Amino acid sequence: VFISGFAFIFGTLGVYFSDLNNVWLVASQFLFFITPIFYAPVAGSLLYKVNLFNPVYYFMSAGREVFIYNDYPKLELLLGLFIMSVLSLSIGLFVFNKNKVRCAELV
């Protein structure tokens, strides 16, 4: 669901910008470097507060809980996953539906 939302957004933007691939390479590298993969930020720290706005943080933290700690993800983590996924899909569908007529003309 999360990736589908981004696919709608980037599919629409790809019609208008031919070099979107280069921009996405830089953006995905940036997103990778700001996402805590091998460590868990301490709750209450600045890094923790910044990562609450990072959508990939919720997926990495849920995976860490399940595979490393052998535990169920916390309810707040699952709620963050759900909100980020629904938000991504709704924004993606909004952008796509707003521009689908113009996309068909440009292609």
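Where is the place of Lys74? Lys74 sits in the loop between helix 4 (55-67) and helix 5, in a predicted model where local features need pLDDT of at least 70, side-chain atom pairs count only at pLDDT 80 or more, and totals for chains, interfaces and linings use all residues. Residues are numbered from 1 along each chain as its sequence is written, and side-chain values use heavy atoms, with hydrogens and water left out.

The overall plan comes next. The protein has five helices and zero strands, and its pattern along the sequence reads α-α-α-α-α. Helices here are DSSP runs of H or I with at least four residues, strands are runs of E with at least two, and both are numbered from the N terminus. The radius of gyration of the protein is 16 Å, whereas a compact globule of 107 residues would have a value near 13 Å; this radius is taken over C-alpha atoms, and the globule rule is 2.2 Å times the number of residues to the power 0.38. Along the principal axes, the C-alpha atoms fill a box of roughly 50 × 25 × 25 Å. Of the 107 residues, 26% count as buried (buried means under 20% relative accessible area, exposed over 50% and partly exposed in between, with a 1.4 Å probe and protein chains only). Among contacts between residues at least 6 apart in sequence, 54% join residues at least 24 apart, a contact being heavy atoms within 4.5 Å.

Helix packing can now be taken pair by pair. Two packed helices are described by the angle between their axes and the distance between the axes. Axes are lines fitted to C-alpha atoms, for helices over the stretch in contact, and angles run from 0 to 180 degrees between N-to-C directions. Helix 1 (residues 2-16) packs with helix 5 (residues 75-106) at an angle of about 25 degrees, and their axes are 7 Å apart. Helix 1 is therefore roughly parallel to helix 5 (angles under 35 degrees count as roughly parallel, over 145 as roughly antiparallel, 65 to 115 as roughly perpendicular and the rest as oblique). The crossing of these two helices is left-handed, a term used if the near helix is turned anticlockwise from the far one by less than a right angle, with clockwise giving right-handed. By class, the contact of helix 1 with helix 5 has 14 nonpolar, seven polar and one charged residues. In this scheme Ala, Val, Leu, Ile, Met, Phe, Trp, Tyr, Cys and Pro count as nonpolar, Asp, Glu, Lys and Arg as charged, and the others, Gly among them, as polar.

Helix 4 also meets helix 5, with axes that come within 9 Å and cross at roughly 140 degrees. That makes helix 4 oblique to helix 5, and the crossing is left-handed. On the helix 4 side the contact is made by Pro55, Tyr58, Phe59, Ser61, Ala62 and Glu65, and on the helix 5 side by Leu77, Gly80, Leu81, Met84 and Ser85. Sorted by class, this contact has seven nonpolar, three polar and one charged residues.

The loops complete the picture. Lys74 is exposed, with a relative accessible area of 52%, and its C-alpha lies 9.7 Å from that of Ser61, 13 residues away in sequence. Asn70, in the loop between helix 4 and helix 5, is exposed at 71% relative accessibility. The phi of Asn70 is near 55 degrees, a positive value in a residue other than glycine. Tyr39 belongs to the loop between helix 2 (20-34) and helix 3 (46-51) and is partly exposed at 40% relative accessibility. Leaving aside neighbours within four places in sequence, Tyr39 is in contact with Leu47 and Arg64.
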